[in-house]
Amino acid sequence: MSSTPLSTTSPLTTTTKNRSSSSSPPPSTNNSNTLTPDTFALLIDESKNIRQTLRIHACLLRYGLESHPILNFKLQRSYSSLGRLHYSVSLFNNTHNPNLFFYTSIIHSHSSHNLHHQSLYFYIQMLTQDIEPNAFTFSALLKNCPIRIGESLHSQAIKRGFDSNTYVQTALVDVYARAGRVVSARQLFDKMPERGLVSATAMITGYAKRGEVDEARVLFDEMKERDIVCWNVMIDGYGQHGRPNEALVLFRLMLTRNMRPNDVTMVAVLSACGQLGALESGRWVHSYMGSSGIRMNVHVGSALVDMYSKCGSLEDARSVFDKIKDRDDVLWNSMIVGYAMHGFSHEALQLFNVMHRRRVHPTDITFIGVLSACGHAGLVSEGWVFFNSMKDKYRIEPKIEHYGCMVNLLGRAGHLEEAYELVKGMKIEPDPVIWGTILGACRLHGKVNLGEEIVKFLVEHNLANSGTYILLSNIYAAIGDWDGVARVRTMMKDSGVQKEPGCSSIEVNNKVHEFLAGDVKHPKCKEIYMMLEEMNGRLKACGYNPQTDIVLHDIGGTEKERSLEVHSEKLAIAFGIISTKPGTTIKIFKNLRVCSDCHDVTKMISKIMGRKIVVRDRNRFHHFVDGSCSCGDYW
């Protein structure tokens with residue numbers, strides 16, 4: 001590259017000041033002093049779009065500088081960065097005797113576009129030309145490469161003595177960590193004499209992807225410097241693996257360290273708010289985005305729609321959706337799924353039709369939303385039409401989630417045999433969720449024999465889990481077969497299976513409060529149980545009769561009533577009433593399906609107390625207003 005040095009003449013000031021817009025032409029050609037290689041090098045470096053780069057390239061051709069090695073090299077890099085890799089390849093192929101730097105650049109360009117086999121092609125071509133690679137060549141080859149290619153290149157790096165180079169070691173740590181080979185990645189990382197920010201972030205990413213969040217946090221806390229990428233990886237790691245509270249705590253810590261978040265941070269934080277149902281926190285994050293200058297895009301918009309939907313505020317979700325003009329399929333899907341999870345089936349299907357008219361191609365996620373909407377409304381015929389159209393019309397192969405939606409739709413509508421036949425005919429191996437869905441339908445419709453048949457099959461094939469036994473126990477309890485309940489409990493004990501405890505949460509004043517059934521650990525426990533007594537008195541005065549038949553214990557009637565009174569969602573509602581102003585909407589989030597007794601009680605409380613109560617359970621949202629529920633008692 002040094003054989004043709006750049007001119008030492010500095011570009012005129014006027015040549016850089018007047019290039020403010022993408023349509024501005026290259027500098028005037030009237031003064032030959034402006035047409036030095038230095039000038040063109042600066043122009044190429046500052047080019048922001050393909051139109052500018054093409055015009056600069058035309059000028060190089062006009063003035064015979066197209067073969068200048070440094071300008072040629074810079075043009076190749078510019079075209080690649082602007083997504084015109086074929087232009088870069090054309091320039092490379094027309095370069096006379098390309099040297100190591102040209103080869104490394106073209107290899108890096110292909111690796112950056114995940115074209116790793118083409119990168120290897122240029123690497124082999126380079127070796128056949130007797131051009132020896134250097135550490136930067138290997139760093140370029142290893143960029144984003146899959147593990148099999150990475151292992152081969154690792155051997156090459158060792159053979160050529162570059163395995164101890166910091167850049168190569170960092171790239172290798174990234175290769176192994178991205179592939180989930182964290183043990184190998186950590187061995188390389190620990191041997192590095194200098195562990196930089198990039199290698200540490202790669203290691204943290206590897207741990208976070210595997211769910212080893214605590215190991216990631218230890219490494220994160222040991223870092224002397226952290227950039228926004230590192231913070232984002234750690235925050236998202238908590239959110240992706242069911243630890244949203246810790247994600248929000250870390251986000252707050254990030255703000256106290258004066259680290260400026262970006263749109264990727266916002267997506268991770270909003271996801272954590274959605275998991276917690278923390279509407280107030282989510283609204284604060286939304287407001288913070290506006291005040292801190294974080295621009296709205298479809299990714300952040302989709303995250304906001306998803307967060308507001310999961311936090312029970314469809315109005316806010318639709319408001320965000322309507323304000324974004326350039327909507328992609330992810331944004332449409334977020335809104336459709338939002339309507340579906342709230343049981344607003346008509347709105348979900350109507351929005352799907354609008355999406356279709358706008359010529360936005362649906363994806364597999366779209367049909368999860370659409371089929372869920374059909375399930376919540378019992379639209380069996382429509383569900384079959386959508387399910388069949390996936391493959392026939394849209395060339396989308398149904399996944400396990402779509403079969404689950406259909407089984408749920410058929411089972412809840414009472415078409416149990418049809419649902420069972422669909423499962424037995426699946427090309428995909430049914431998962432525990434699908435079997436649990438059928439068993440839930442058996443409980444709902446009292447199909448004891450079919451339930452027993454399914455459980456026997458699951459136990460024999462080692463597919464049973466805690467939900468399997470609980471649902472069979474529910475089926476027996478519903479018909480008063482306490483011997484059957486006892487047998488199931490014995491099976492659970494012998495198998496070491498434990499029931500997942502019900503847990504309800506409510507956000508008040510930006511703090512999430514959690515309750516278990518019969519919980520007495522809350523600081524306001526006394527006030528909560530006093531309100532519970534008041535609620536029970538007013539409920540009974542309005543004709544409430546506890547549904548003791550759903551209690552899965554062979555105990556007396558009084559004990560059964562007391563057991564129902566202290567369900568976790570009732571404790572959360574009582575806390576919500578004493579902690580908020582009259583008329584304030586109460587939002588409850590439960591990890592399990594809401595039981596029928598709590599469902600009836602919540603309907604009555606919404607009327608007695610004059611409160612709108614929104615409950616999100618494992619299956620959907622319920623909006624309780626003035627004694628009725630948005631699900632129409634179909635859930």
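Predicted model: local features only at pLDDT ≥ 70, side-chain atom pairs only at ≥ 80, totals over all residues.
**Ser 80.** I started with the contacts of Ser 80, where contact means heavy atoms within 4.5 Å. Leaving out residues up to four places away in sequence, Ser 80 touches Leu 85, Ser 88, Ser 109 and His 113. Ser 80 itself is found in helix H4, residues 69-81; helices here are DSSP runs of H or I with at least four residues, strands are E runs of at least two, and both are numbered from the N terminus. Buried or exposed, I wondered about Ser 80? Ser 80 counts as buried because its relative accessibility is 7%. The cut-offs are under 20% relative accessible area for buried, over 50% for exposed, and partly exposed in between, with a 1.4 Å probe and protein chains only.

**Ground rules.** Residues are numbered from 1 along each chain as its sequence is written, and side-chain values use heavy atoms, with hydrogens and water left out.

**Lys 399.** Next I went to the loop between helix H23 (380-392) and helix H24 (400-412), which is the place of Lys 399. Lys 399 has 41% relative accessibility and therefore counts as partly exposed. Beyond its neighbours within four places in sequence, Lys 399 is in contact with Asp 364 and Ile 428. I also checked Ser 334, which is 65 residues from Lys 399 along the chain; their C-alpha atoms are separated by 18 Å.

**Aromatic rings.** I then ran the ring search. Rings of Phe, Tyr and Trp (its six-membered ring) pair if their centres lie within 6.5 Å; planes under 30 degrees apart are stacked, over 60 edge-to-face, and the rest tilted. The count comes to 21 aromatic pairs. One of them is Phe 321 with Trp 332, edge-to-face at 5.2 Å centre to centre and 80 degrees between the planes. This pair links distant parts of the chain, with Phe 321 in helix H19 (residues 314-323) and Trp 332 in helix H20 (residues 329-341), 11 residues apart. Phe 321 is buried because its relative accessibility is 1%, and Trp 332 is buried because its relative accessible area is 2%.

What sits over the ring of Phe 321? I found the charged end of Arg 327 there, 4.3 Å from the ring centre. Arg 327 also lies over the face of Trp 332, at 5.5 Å from the ring centre. The test for this is NZ of Lys or CZ of Arg within 6 Å of the ring centre and within 35 degrees of the ring normal.

Elsewhere I noted one aromatic cluster formed by Phe 92, Tyr 103, Tyr 121 and Phe 122.

On a 1 Å grid over the protein atoms alone, a cavity is a set of points where a 1.4 Å probe fits but cannot get out; a pocket is an open set with protein on both sides within 12 Å along at least five of seven lines, and lining residues have an atom within 4 Å of a point. Grid points are joined across faces, edges and corners, and a volume is the space filled by probe spheres set on the points.

How many cavities of 30 Å³ or more does the structure hold? I got 2. The largest cavity has about 60 Å³ of space, and its lining is Asn 536, Lys 540, Tyr 544, Pro 546, Glu 561, Leu 564, Glu 565 and Lys 570. H31 gives the most to that lining, with 3 residues. The second largest cavity has about 30 Å³, and H30 supplies the largest share of its lining, 3 residues.

I looked at the second largest pocket too, at about 270 Å³. Its lining has 15 residues, and the closest to its centre are Glu 280, Glu 507, Thr 584, Thr 585 and Lys 587. Helix H17 (279-292), strand S1 (503-508) and strand S3 (586-590) each supply at least two lining residues.

**Positive phi.** Last entry: Asn 144 has phi near 60 degrees, a positive value in a residue other than glycine. Asn 144 lies in the loop between helix H8 (135-142) and helix H9 (147-159). Asn 258 also has a positive phi near 60 degrees, in the loop between helix H15 (244-256) and helix H16 (263-276). Asn 258 counts as exposed because its relative accessibility is 72%, whereas Asn 144 is partly exposed at 31%.
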